[in-house]
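The exercises below concern a single protein chain. Please work through each task with the sequence and the model at hand before reading its solution.

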Amino acid sequence: QQDKYIDLKDQMYQKYMEKYVLSKEDEYPDLIKNPDEYFFNRFKEAVYEVYRFGYDNAYDFDPNKFNKLAVSEKRKFISMITEKKAAHMFGGMVSKRDEFDLSAKAKKYFLNEYEISKLRYIRILEAKTAISNALTKEGIRHIYLKGTEIRSLYKTKHMRWSNDIDLYVDVKDHKKAIDVFKNTLNCTYFAESIQHIVFESELYKLHFEMHGTISAFFPKDLKKLLKDPFEHAIQDRHYDARYHLNPTYFYLHHLAHMISHTSGGEFWSHMYLDTYILNHRKEVDYSVIEEARLGEFNTVMTHISDSIFDGSIELTPEEKAFERILFKNSGEILGAVSKGNTRNSFKYVLERLFPKYSSMKFIYPVLKKAPILLPFCYLARLLSLFTKGKLKRGKEQLDAYNGAKDKEIKIFHDVGLKEYLESKHDAM
């Protein structure tokens, strides 16, 4: 039976290649043409079926796009759906149709994820109200970012996955805001990075991420575009201290946020949905996107999103290759896209084990007052790698770093990301 399956696979692959094979002149043949391409497309279609349902719960999906997968492909599909943070979407599909070929345990898991997404949405709404009430009372201006804000544009609000609340607060107000989060909202200080301070709320079972900048990874000459987000924000009708980024600058920040994830190997399902929804609002001034030198990247991401949700775009070989990288969740491309397009594994390992002081002081805030403790903090970091099971993840990142093909790196450059990736590398 296994031999018959292999023969059938080869026959189907040959037919696929005869019909869809790219010409020799195409620039990315080795990323498109390979023996698993036919099965990759079957697998991809099943995943995208989930995304389409996430966008529109009235979508008439076909369970057979999942059921026809081989057992090994079904396992990979379930793993991918979970990694892409779309388990709740698939759970919504399972709740509507009973034809899915799943074990009772798997069905229970996905249905549970679907119900949890509703509860999480209610918690986020309640938490936003509490945060805005508390910050407004103290006169602290704030802007909600990313999924916290975009969720309101979804047809079914709880389909937008999120487990935290992102907001921008001017750095000069951080001391007062920290006091509000700790004492008024009863949050626990959780972590700090170069971009944000993170609080944990036991009451809402959420993380709150307070950003002091939303332009950290922009090239130096473009940081001015989002240096003061309030310049591009509209005051809320109900809270005097709450603001909303206008559609153009919200979309600009969305693109920059996607770059951060595409380069780090964590590209999630909702980023396609967000791109599609924000673009179809017809409220974005794309001249600003061009000014930010993100026109090319925006075009590629718009085409991929449109091809998923309405089938209106035929992707170019370059776009297909980039889509495949995102679909594979290809990690640590950032490390490989360093200046001069050179890679040094030893240097990469050292940078991960011993980050710059500018990064370490956010991981260990005590360094801000006592820089002399830096050697002890490095020791604590090394110990945490062994005690918290991070070595396996580190090895996976190094393997991905070493395995990043020059062709893949070139694709990231060709979609207009070289400058931004180098800026992110410098920021880290």
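The structure is a predicted model, in which local features need pLDDT of at least 70 and side-chain atom pairs count only at pLDDT 80 or more, while totals for chains, interfaces and linings use all residues. Residues are numbered from 1 along each chain as its sequence is written, and side-chain values use heavy atoms, with hydrogens and water left out.

**Exercise 1. Pairing around strand S5**

Task: Determine which strands pair with S5, and in which sense.

Solution. 
- Step 1. Helices (H or I, at least four residues) and strands (E, at least two) are DSSP runs, numbered from the N terminus. Two strands pair if DSSP finds at least two bridges between them.
- Step 2. Strand S2 (residues 164-168) runs parallel to S5, and 5 bridges connect them. Within this pairing, Asp 164 faces His 207, and Asp 166 faces Glu 209.
- Step 3. Strand S4 (residues 196-201) is antiparallel to S5, with 6 bridges. Here Ser 201 stands opposite Leu 206.

**Exercise 2. Pairing of S1, S6 and S7**

Task: Identify the strands that pair with S1, and describe how S6 is joined to S7.

Solution. 
- Step 1. S1 (residues 142-144) pairs with S7 (residues 242-245) in the parallel sense through 2 bridges. Ile 143 is placed opposite Tyr 243.
- Step 2. S1 also pairs with S2, in the antiparallel sense and again with 2 bridges. The partner of Tyr 144 in S2 is Leu 167.
- Step 3. S6 (residues 233-235) and S7 are antiparallel, with 3 bridges. Ala 233 is bridged to Leu 245, and a hairpin of 6 residues joins the two strands.

**Exercise 3. Salt bridges among the helices**

Task: Find the salt-bridge partners of Lys 65 and of Asp 101.

Solution. 
- Step 1. A salt bridge is a side-chain nitrogen of Lys or Arg within 4 Å of a carboxyl oxygen of Asp or Glu. The whole structure contains 19 salt bridges.
- Step 2. Glu 45 pairs with Lys 65, their closest N and O atoms being 3.2 Å apart. Glu 45 belongs to helix H3 (residues 37-55) and Lys 65 to helix H4 (residues 64-67), 20 residues apart.
- Step 3. Lys 65 also pairs with Glu 49, at 3.4 Å between the closest N and O atoms. Glu 49 is likewise in H3, 16 residues from Lys 65.
- Step 4. Glu 49 is buried at 2% relative accessibility, whereas Lys 65 is partly exposed at 22%.
- Step 5. Asp 101 pairs with Lys 74, the closest N and O atoms being 2.7 Å apart. Asp 101 lies in the loop between helix H6 (87-96) and H7, and Lys 74 lies in helix H5 (residues 71-83), so the pair ties together parts 27 residues apart in sequence.
- Step 6. Asp 101 is partly exposed at 48%, and Lys 74 is buried at 11%.
- Step 7. Through shared partners, Glu 45, Glu 49, Arg 52 and Lys 65 form one network of salt bridges.

**Exercise 4. Cysteines**

Task: State how many disulfides the model contains, and whether Cys 187 is buried or exposed.

Solution. 
- Step 1. A disulfide is a covalent bond between the sulfur atoms of two cysteines. The criterion is a pair of cysteine sulfur atoms within 2.5 Å.
- Step 2. The count by this rule is 0 disulfides.
- Step 3. Cys 187 is buried, at 7% relative accessibility. Cys 377 is buried, with a relative accessible area of 7%.

Methods
Buried means under 20% relative accessible area, exposed over 50%, partly exposed in between (1.4 Å probe, protein chains only).
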